Amino acid sequence: MSTIETPAVNKAIGKVRPHQTQNERLVFEKSSPGKKAYKLAPLDVPEVDPEALLGDAVRKDPPGLPELSEIEIIRHFTRLSTWNYAIDLGMYPLGSCTMKYNPRVNEWVSRIRGLAEAHPYRPDSLAQGILNIIDLLQKCLIEITGMDTITLQPAAGAHGEFTGILLVRAWHESQGNARKKIIIPDSAHGTNPATAAICGYQVENLKSNAEGGIDLEALTAQVDEETAALMLTNPSTIGVFEEQIHKIADILHDKGALLYMDGANMNALVGKVRPGDFGVDVMHLNLHKTFSTPHGGGGPGSGPVACKKFLEPFLPTPVLVQDENGMKTWNYDRPQSVGRVRAFYGNTGMFIRALAYILANGPDGLRQTTEDAVLNANYIRKKLEDVYELPYKTPSMHEVVFSDKKQVAKGVKTGDIAKRLIDYGFHPYTVSFPLIVPGALMIEPTESESLEELDLFIDAMRSIAKEVEETPELVKSAPHSTRISRLDEVKAARKPVLRWKPE
Amino acid sequence: MRYLPKSPAEREQMLAEIGVSSIDELFSVIPEEYRLTRDLDVPRQQAESEIIAYFNEEAAKNIIGYASFLGGGAYRHFRPIIIDSLVQRGEFLTSYTPYQAEITQGTLQAIFEFQTMIAELTGMDVANASMYDGSTGAAEAVLMAMRITGRSKAVVARTVHPEYREVLATYLRHRDMATSEVAYTKNGRVDLAALEESVTEETAAVLVQSPNFFGTIEDIPAIAEIAHKKGALLVVSIAEGVSLGIVRPPVEADIVSIEAQSFGVALSYGGPYVGVLATKEKYLRQIPGRLVGQTTDSNGNRGFVLTLSTREQHIRREKATSNICTNQALVALMATIFLTVYGKEGIRELAEHNLAKAAFAAETFKLQSGVKLLFEGAPRFHEFVIDTAEAPPLWSQRLLNEKIVGGIELKKWYPELGNATLWCTTEPIKRKDIEAAAKVLAAGLAEG
Amino acid sequence: MAYPTNYRYTREHEWISVEGKIGTIGITDYAQNSLGDIVYVDAPKVGDTVTAHATFGSVESVKAVSDLFSPVSGTVTETNESLKTEPDKINSAPHETWIIKVELSDPAQFDGLLDAAAYEAFIAEEQ
């Protein structure tokens, strides 16, 4: 690997210096036959002859897995880890992703033996502890959302959307007409239209108004007897609370349509306002956003779906109930249920972490968390609005969306600014989303950032804006401090190499 | 609040700089009638020591230290210690989906290694970065077959995990996809004659599981022939990945869907686990979920990126291959570390131990009076089904008294199987547990 | 880049040239330019029917997908196999690189399309 020359970043700011990271080959390239990192306990039953037992079904060629010793495995994955940016290293202002601190006690309690080793098919009588935890989390989430009931089964946000829209559909079917379409604002996450389509609905786009919110007139004109629901993100993806939210609910309900809320931005609302109180019929939460379970490089998540009472009969099977003796048990007798959306009961390990987070906060901590998240976003907005274009002047909640309009004049786009931010020791913000803002810079600081870290970020963003004016090429060719430079994505897509092969 | 890094003075300073007089001013856009003016009714703020005490207390209400014969899609294998040491590194744990490749090469390279290992294990050309779990993976695989073939029917073996079949039904309900189920024969395998009748020119996918829900290994080459003869794709679901150490991979399949929980993932009462789809190269464009590909940077260095993302929801929106976004990256990392620890030799040795335990247990149980081993005559991996003269609730209580959790009752999914139960023996099960369980099973009849 | 005057064009940025009953279809320089580096072309199979103004496939760049709209109705007689390995030919020579050939079911449809001058005026407006 060639040595990397680092063009100077503004030394007055320079937060994180690129640290020494070692080169590391693929694990397969480090393998040599006969090395071992395992030892099995002696077999205490008679050995068997696999060929005799399995016949034609026996495996003849062993899989090409690597052979290494334990220390090499530790070093391999530790070295890889040093190539990642992470919340633990610094601010991760990805809009819509809510990259907040992941408390370590969450990890600890999720690994308690009686919880981590619980088999999903153990009898309910032997799982009361875990069922109590699930029950308490359900109660907390119902209270936080202001809804009546909940399922924790969905594995992630998009899976929650799928479940929620299935509930919508099942309810409409029970009313005699499943209806045909789902209305989705043009500012929505891509998962929303994808979800509506897999639930058998046509997707109808709703154009945002001049403030980036729901255009009530357009909505009124669009909602009819074939509208099953509106999928609304509130606050919207530009971080704006739908001030007319109750009118939106009324417009839908007047025509028998339902209001679905994408809870991706719930971090702006917890403890301050409840979707159930402002007319939402069904919504999903992302435990890996609002409730601090770790993103883990892309998952696992958990996407509970909370809803109003009239949707309860349709919840996925099974549903947690309590019998007359106070014993908690799973109820499978749910004739109107939409069915199962996954095996077992959901990502229980994530439930434990989310509950630990709620307990650590309490009502006062949850409210303060929301307030700090909103405070941080507004602080960034205030400090950057003179250098970056603010396409919508409406008040921001937990995130702020700028555009690259001023920088495009110099040939620098949002993606370039994002890459340059890496040189300043930060993870980029969300690039080019929402789609209603051309060249969007979507910034969500979350509550986890100190004033010091926010100021460093603001300084970095201002410094980059200056660089755009003075040395745009420097920004356009960023990042300069990473162990690899911009990767050739076209090559990756034209001739996909998706696995290692021996030479 | 200990997670919030601001002093009251700093909050005041920030409000002043924003130009508002109070935090409530920032929330004034929320109509007053909806603002919550009371505390949420959730437990009060707790100290870390209290949180640990609470979860310890609840955990103690669950049994621990029992020998467990439970399987059925969730398997207890020993988890090497280094898995948790490594996945708790903040750089893995607290990183996001690796969209910014320059600063997420660690996650990207680890996923590339995972994809390679899954391809090696399954005998397929390529694998994706993960699905939620085996059940949703199998459903997505059937949908993928539908897109590839342009056909709309699925044929599903009744020996597929019952909950996987329920999930599939949920996924297909609104897509005009008819499914038909195919029965099993006396040896616990899918009925090939019935399968041949069910598969038509309209069949998009034949879905089987191997080892199946009864622990029996299906005759994949024969099933593939039946499916392919009619132009249908064969989807093989594998709920027990460790089987691939000793069982021939389903190379005749078009799509393989694995539940990789067995590879070092805690049981954790049903999740998070990790599904993964593997397929032939020619079907790559129709695979859902993320894919990591190899490329080079501007200096010619090898690097990895998320690729072929035009299949996905954030670009194709309602036309995407799936709505999946978040996956199971950290759990896939656990599996990658597990497979590296065991490696080429270890995975076979581990699988052999599981095979030996089950063979011993099945033979031991079968000798007890009132116990009958079902589905003989076809190869099994580490699960088997027995029928008992005595109803399972009777002996299972006696087993619990001996600190043993017995097999899973099958009646609720297979009413025709009466008292049948599914037993699983992974490597942590000891010979003495097997012998103790056998004694209890026999005892009931002697007394009754 | 000049737009060949013997071709006809759609408002969705496909071009077609016709010889006898066979129409040859590709995408315009304007289209490839706005899409960027093309990495994949999804085309119908020989024998499939295509319908005027309806989608018949798609072209993909790394981060975008663009539907292909057929200028005419007909049956696919040939697909450009070389695009499977060299989709970038569309970027380097858009007006020479065809995607499908179609036997026209209604040759009169050709005359209803934009000529080069009208298409250039149309894209000037779009920009």
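Start with the two domains of chain A: their centres, taken over C-alpha atoms, are 42 Å apart. Select 27-81 for domain 1, then 106-116 together with 123-358 for domain 2; these bounds come from an automatic or database domain assignment.

A word on what is on your screen: this is a predicted model, in which local features need pLDDT of at least 70, side-chain atom pairs count only at pLDDT 80 or more, and totals for chains, interfaces and linings use all residues. Residues are numbered from 1 along each chain as its sequence is written, with chains lettered from A and ligands numbered from 1 in the order in which they are written.

**Where the chains meet**

Show both chains. Their contact (C-beta atoms, placed from the backbone, within 7 Å) takes in 172 residues from chain A and 161 residues from chain B. On the chain A side, select helix α10, residues 348-384, which gives the largest share with 23 residues. Colour that side by residue type and you will find 95 nonpolar, 44 polar and 33 charged residues. Here Ala, Val, Leu, Ile, Met, Phe, Trp, Tyr, Cys and Pro count as nonpolar, Asp, Glu, Lys and Arg as charged, and the others, Gly among them, as polar.

**A sheet in chain A**

Next, pick out the open, antiparallel sheet of three strands in chain A, ordered β10-β12-β11. Helices (H or I, at least four residues) and strands (E, at least two) are DSSP runs, numbered from the N terminus, and two strands pair if DSSP finds at least two bridges between them. At the edges are β10 (400-403) and β11 (430-431) of chain A, each pairing on one side only. Zoom in on A:Val431 to see A:Leu441 of β12(A) opposite.

**A sheet in chain B**

Move to chain B, where four strands form an open antiparallel sheet in the order β11-β12-β15-β14. Its edge strands, β11 (371-373) and β14 (408-409) of chain B, each have a single partner strand, so one side of each has no neighbour in the sheet. Two bridges link β14(B) to β15 (residues 421-424) of chain B; select B:Glu409 and its bridge partner B:Thr421.

**Last stop**

Finish with B:Val235. Leaving aside neighbours within four places in sequence, its contacts include B:Ala138, B:Val142, B:Leu207 and B:Ile255.

Methods
Contact = placed C-beta atoms within 7 Å.
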